[in-house]
Number of protein chains: 2
Amino acid sequence: MAYTDFSVEEIDTVMQDAWNAFHVYRKFSLKQRAAFMKAIAVELENCGDALIHTAMSETNLPEARLRGERARTIFQLNSYAEACEKADWLGAGIDTAIPDKVPPKPDIRKMLVPLGPVVVFGASNFPLAYSTAGGDTASAFAAGCPIIVKAHPAHAQTSEIVANAILSAASTCNMPKGIFAHVYGAGFEVGKALVMHPHTKAVGFTGSYTGGKQLFDWGNQRKDPIPVFAEMGSVNPVFLMPEKLDAAATEIATMYAGSITLGVGQFCTNPGIIIGVESKALQTFVHDLGKAIQKTAPAAMLHNGIATAYKKNKDSALLQDDVHLVAESETPSAVENPDGGLSGLPTIATATGQAFLNNPVLHQEVFGPYSIIIRCKDMQEMIEVAKNLEGQLTSTLMATENDIKDNDELVEAVKNICGRFILNSVPTGVEVCLSMQHGGPFPASTDARFGSVGADSIKRFARPIAFQNWSNNLLPDELKDENPLGIWRTVNNELTKAAVL
Amino acid sequence: MAYTDFSVEEIDTVMQDAWNAFHVYRKFSLKQRAAFMKAIAVELENCGDALIHTAMSETNLPEARLRGERARTIFQLNSYAEACEKADWLGAGIDTAIPDKVPPKPDIRKMLVPLGPVVVFGASNFPLAYSTAGGDTASAFAAGCPIIVKAHPAHAQTSEIVANAILSAASTCNMPKGIFAHVYGAGFEVGKALVMHPHTKAVGFTGSYTGGKQLFDWGNQRKDPIPVFAEMGSVNPVFLMPEKLDAAATEIATMYAGSITLGVGQFCTNPGIIIGVESKALQTFVHDLGKAIQKTAPAAMLHNGIATAYKKNKDSALLQDDVHLVAESETPSAVENPDGGLSGLPTIATATGQAFLNNPVLHQEVFGPYSIIIRCKDMQEMIEVAKNLEGQLTSTLMATENDIKDNDELVEAVKNICGRFILNSVPTGVEVCLSMQHGGPFPASTDARFGSVGADSIKRFARPIAFQNWSNNLLPDELKDENPLGIWRTVNNELTKAAVL
């Protein structure tokens, strides 16, 4: 199916509708927002097999994965809806007046309010959970913002089905016209027009560094800069600490062969760099990981663009000085590549710590089932590697308690670069929960102070407003003395659900 | 006294020291951070009269104001220290593992950690409370960040006294070398070098739009963009609603004559635009405000640069089409201008709603004791004015309950542009408390999602990190099962101070 790019005039109409909808939607109660989000979840379920089959044909992802991803998308909508209504994220606070203070202290009450229309760019690798009705959409609706989704060209039809589900829920819930719009654009022009439009007040993006950085720059170049939250992936370094590696080299190799090749390596949390200190145990690890990789079949990637980029970036990495191929898959693919394109060939390389320190190319993400093992000559070199890594979504330590206690400088350096700090596990698999942080220092994301998974991601799209000297009946329910919504509030510096007396 | 600009090499040394200090300071407990901040407060008190007299000579501000400002600065340090230790701002959260979930849910725990060295640019109009040991400094120290202050050239000697107080407290509290540095630079080069330095991880600024926007742009143009929080002031519109104005025109005029001329109008919350609908009551208001302004004596401004800019911007505003002078001070100044320069002459102008809508010059801040009254032909035009205003630190409604209930569109439009929404009071006077929001949509500040007054401003300089699968004894105290610090945490979606069982 072919989709036509939206014109500048069409985008202007969409944004005007979103702006009008904003003025209605932001006055809807948290309960109404939550009901709308839950209705979208129901509609997604109602899409049935048609959605799954369309997504399969557009993304090459297997059925089980897509069913799981829809379940996750529904879970996100429902759990963010619950969080929205619970309102802990709202940061409601009240300082009551002290009239006899000099000067008198006025009554001040604060809560988050929505920023305005949010433009969402979906991810190619999560056609459901981080696309049209994905995490950014769920969090922006919870915040009280209308949403304009630019359909990902690689799964525009899937996106359209989901968009219709959202519009159907909007109709059921009597949402204002313009609460949601679905826009097509294969080139950069539509994206640019959306980010630069005066009615756009924030942007959510999941994808490549190049794409995310461009949106971020546009957002900042506006007459009135807007926040652009771009999650741009990372290489997710894994540090193999000596005592742990000695004890479990083979076990770690097996664990990581699975993580590196999961979903044909197409996760932003894929472990792209594994760092160890030269030792017999490291040799065992390299050998066993290589063997496991040889036995892992290649599989079709999301689309030919990604498969071609994978091959190019991998080949380029392997051509760098002092980089050696450890192993690549020797197992035939179980199924034909449906579109006749390239498959993602699981591949492991290795390089010395010095080679890594000297060559920025080796720091770059190779999106796909590829990982490079960095062999350091000693712990000091491992620390140097850690200190020279860019910002990451995740860092992982494979370590015993002694390893951690004996290597404070390394542990602190690794912690300092990441948004999620993992011990003795794998970075793939991002749990959707309130304590998750998915985001990290640049270039993992454009604002490390926020994340894009879990209900705290709502805060990206809201801002505090303080009401000064308002009478109780004119305040929003969230801030009224009697606390009619029964939410947590910080009253005169103390968290409480109690009414203000 | 003359201060020499720091060289690029000196700045590099300062930033390297700050970077080294960061790795020590961020491991200090919240209690240690709080103790350090309280020690600074004590040292500020110990500065005695010398500090006040130096500030008087550098800023032309009166003694009582500066003593009050020091008290406020001390209050900020102490109250943010208490908030720091209380740790509500830390957003600590725990999701415990569910091993039998499919796939298993890992243990995830989240809290805020400091960004790294923060560069602070002080405000000329708050030589103590928003300068060297001011709000940005207090919040960044609470967050766990070392600080580099660029002394404001207009009060470099005051800044040096305060810097020495901080260094003295740092010594008493055994802070690492580099925890605080004081840098001089009259030109833009030093500021640019500080913002662009790779070890700088965030910037705090209070001052002009031109200055703040430049820092923001530099921060975004870095290879790794950093958050630049610039509070750039605003015109703080005041809307006179019909029923209220009818009832209290004279009273409002008196109240606003005081607010417009307070501190020679040198507050970022100064009410620069007052909007009403043409009526007899508005004529009374204009008349009475004009009379009161005539009776208010001019006074020396902070320095000649500001006084010259005030005269230039005011004269330019008065020369615009359809702008008319209402009144200016006719009262002689009680004291000679100490440096022989210009005094800030209290002045009121007026223009029609249409003139305002047609002329962006009239939207701009005239920093000083000046305000323009916009006479709208009807409420619809007032709504148009509200919708055409840029982002503001504050908006104020002078309104009865009927005025509010009858004018929803206006109320919503006014609310949408501001960080603080005031009813029947004046915008000057920014209470330091947790529910305050000092910041607002661009151009009031560069990130409306944060504010620079109250302990929540700590959050500007911290980012969340999630610990996955860590054993209890290796976690930071804030996240340990037993909750040794006794802080509020969100455990499995519920706020509690209880231990995790």
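This note goes through the sheet of a predicted model and the helices around it.

1. Residues are numbered from 1 along each chain as its sequence is written, and chains are lettered from A and ligands numbered from 1 in the order in which they are written. As the model is predicted, local features need pLDDT of at least 70 and side-chain atom pairs count only at pLDDT 80 or more, while totals for chains, interfaces and linings use all residues.

2. Chain A has an open sheet of five strands in the order β5-β4-β3-β6-β7, with parallel pairing. Strands are DSSP runs of E, at least two residues, and helices are runs of H or I, at least four, numbered from the N terminus; two strands pair if DSSP finds at least two bridges between them. The edge strands of chain A are β5 (180-183) and β7 (228-231).

3. Strand β3 (residues 118-121) of chain A runs parallel to β4 (residues 147-150) of chain A, joined by four bridges. A:Val119 stands opposite A:Ile148 in β4(A).

4. Helix α8 (residues 209-221) of chain A lies across β3, β6 (202-206) and β7 of chain A, at about 170 degrees to β7(A). Angles run from 0 to 180 degrees between N-to-C directions, and axes are lines fitted to C-alpha atoms, for helices over the stretch in contact.

5. The axes of α3 (residues 48-59) and α6 (residues 156-172) of chain A come within 8 Å and cross at roughly 160 degrees. α3(A) and α6(A) are therefore roughly antiparallel (angles over 145 degrees). Their contact (C-beta atoms, placed from the backbone, within 7 Å) includes A:Leu51 of α3(A) and A:Ile161 of α6(A).

How values were computed:
Angles under 35 degrees count as roughly parallel, over 145 as roughly antiparallel, 65 to 115 as roughly perpendicular and the rest as oblique. Two residues are in contact if their C-beta atoms, placed from the backbone, lie within 7 Å.
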